[in-house]
Amino acid sequence: MKKILAVVLCLCMVIAILAGCSKSEETPSSSGSSTPSSSTPSSSGSTPASSDEPAPSGELTPAEKAIAERLDSGNYSKVVFSFFTWNGAPAGQDRIEKLLSDYCKEKIGVEVGLYIADATTYRQQLPLMFASGEQCDIYAGNSLGFNVCVNNGYAYDMMQDDLFNTYGADIPTQLPEWIMAGCFIGDALYALPSVKDFAISTSICCIVAEYLDGIGYDYESKWEDQRTKEFIRVTKWEDLDDIFAQLHEKYPDIPIFSSTGSLGQGYVYDNIGGDWYGVLLDPVNSLKVEDMWSSQEWMDICTRTHRYNELGYVYQNALTERLSMGVQIAAKNNMCLVSQGKPGYRTQAISEASGINLVPFQIGPDIVKSTAPTGVCYCVNSQTEDPVAVMQFLNLAYTDTYISNLLCWGEEGVEYKVLDNGTIDYVDGVTRDTCEYATDVQWEMPNELLSYPWCTNTPDVWDRMRVFNENAGRSLALGFTWDNAEYATQFTALQNVYDEYYNMQMLGFADPTTSIPEMVEKMKAVGLDDYIAAKKAALEKWATEKGLADKL
């Protein structure tokens, strides 16, 4: 196959040269690359030829030339693509790796290896792999933190030697400029966001339907949208107090909340720079940097959770619990979790992933935070030996439907089947428990929006996701990044204080009227004010350059 392709390419060049020597008045044909679209993108990584200025006839772009050389020589470059799951490497990893590698060999002359581990192992292993030189070309930068990857020299600048523009030119057809801006530091591009929900629905309180049924709560008549049945809208936490009281009375031995993960997600506040030491409390309207821990907003959150704890709503072993939320619900350690939502969240991200029917109540607004670009992102290892092959694989992974479905769902006919309406379900005889490639991290893949929707979603869920991203309120700091390398010592010290107090406060085991002032005092003692001042100065400089000084 590769020899045939090489011959065809050579013949095309000869014919084009002869045609160019003729006196014909015919309009020259365009180059080998066609203008990509979201549905049929180019796999070459070449810059699409303009319809007004066609590329010279028969001339290969650098991206096409790189592919042709690999195919002609049979000397495939090896790229290792890595990501984390909640439960480690799936049983079918080797089979999926072979399918992915065979496909990429044929398309771009690149062999692909997979490294998959559970989230904790992954976070621990990445620095060790970097230090030892073990191959790991592409990795989930959010696992370590975007700033950590940049400051520690783990991340390759994809603008170096015009790498991205030359070999990743199709990626911007899938990623809007306003979201990619958040992965730049200066002119250097250190990560690529996963194509997913950039916006979040804040403060989604999800209660197990079984228990709502038990107290006779009629949630079916209260959906915000009866067609999608994705959430029930409430205006404030107090709207749920009566439901919590009834649940506790009916099921006194089953806690309502069991971990910080079930209470601590979905803030509307923007943790600019990727940490909570200096935040925007009103990010859609103001660029005022404030200390969240000293704020009335944080006091209100902790006062509420402390009240829940005193009422007996919180699992008393929550501070030492390490099981996932799904396992805890199945073990009857809790009946509720709080998270951040999106279109399809109830069906795909919760009910399908855990096998538990949850009813989400949305309390907060939809928002795109400044951290959205790097919240789930991929970095290229700064030590990668073949950045061209790596970028061409990323270019394909972000634009190719076959790769998207393979990484998200596994192999068609083995893991899943396509239904008449364009959604998918497990093949006959396969369940979630027996599926060999059930990763539950579709949102982590390069481009989830090119994959099939799961059958519990509406077929138009990805269209709704795109509308959701566009219509949500946007933080004024979107695109702002902060290099905190000069304050790494203060950051580490602040994190230590955070680790000491956060879980106790978030789960209501500490009286906020005494615990919060004590925590803030310790944070100030290790440099909180200086850290916030430095972040504020960086934001003010950025805002002035962007013409947003009036929002400071």
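This is a predicted model: local features need pLDDT of at least 70, side-chain atom pairs count only at pLDDT 80 or more; totals for chains, interfaces and linings use all residues.
Student: How should I read the packing of two helices, and what angle and distance describe α10 and α18 here?

Tutor: In general, two packed helices are described by the angle between their axes together with the distance between those axes. In this model, helix α10 (residues 296–310) packs against helix α18 (residues 512–525) at an angle of about 140°, the axes being 10 Å apart. That makes α10 oblique to α18, since an angle has to be over 145 degrees to count as roughly antiparallel. The crossing of α10 past α18 is right-handed.

Student: Which residues of α10 and α18 make the contact?

Tutor: From α10 the contact draws on Trp 298, Met 299, Cys 302, Thr 303 and His 306, and from α18 on Pro 512, Thr 513, Ile 516 and Met 519. By class, the residues of this contact between α10 and α18 divide into six nonpolar, three polar and no charged.

Student: How many aromatic pairs are there, and how is one of them read?

Tutor: A pair of aromatic rings is described by the distance of the centres and the angle of the planes. The count here comes to 37 aromatic pairs. Among them, Phe 84 and Tyr 122 form a tilted pair, with 5.7 Å centre to centre and 55° between the planes. This pair links distant parts of the chain, 38 residues apart, with Phe 84 in strand β1 (residues 77–85) and Tyr 122 in helix α4 (residues 119–132).

Student: Is Phe 84 buried or exposed, and what about Tyr 122?

Tutor: Phe 84, at 7% relative accessibility, counts as buried, and Tyr 122 is buried with a relative accessible area of 0%. Phe 130 and Tyr 154 give another tilted pair, because their ring centres are 4.7 Å apart and their planes stand at 45°. Phe 130 lies in helix α4, while Tyr 154 lies in the loop between α5 (146–151) and α6 (163–167), 24 residues apart, and both Phe 130 and Tyr 154 are buried.

Student: Where do Ser 203 and Lys 332 lie, and what is there to read in their phi angles?

Tutor: Ser 203, although not a glycine, has a positive phi of about 55°; Ser 203 is placed in strand β7 (residues 200–208) and is buried, with a relative accessible area of 15%. Lys 332, likewise not a glycine, has a positive phi of about 60°. Lys 332 lies in the loop between α11 (325–330) and β11 (336–341), and at 42% relative accessibility Lys 332 counts as partly exposed.

Conventions:
Residues are numbered from 1 along each chain as its sequence is written. Side-chain values use heavy atoms; hydrogens and water are left out. Axes are lines fitted to C-alpha atoms, for helices over the stretch in contact, and angles run from 0 to 180 degrees between N-to-C directions. Helices (H or I, at least four residues) and strands (E, at least two) are DSSP runs, numbered from the N terminus. Angles under 35 degrees count as roughly parallel, over 145 as roughly antiparallel, 65 to 115 as roughly perpendicular and the rest as oblique. A crossing is left-handed if the near helix is turned anticlockwise from the far one by less than a right angle, and right-handed if clockwise. Contact means heavy atoms within 4.5 Å. Ala, Val, Leu, Ile, Met, Phe, Trp, Tyr, Cys and Pro count as nonpolar, Asp, Glu, Lys and Arg as charged, and the others, Gly among them, as polar. Rings of Phe, Tyr and Trp (its six-membered ring) pair if their centres lie within 6.5 Å; planes under 30 degrees apart count as stacked, over 60 as edge-to-face and the rest as tilted. Buried means under 20% relative accessible area, exposed over 50%, partly exposed in between (1.4 Å probe, protein chains only).
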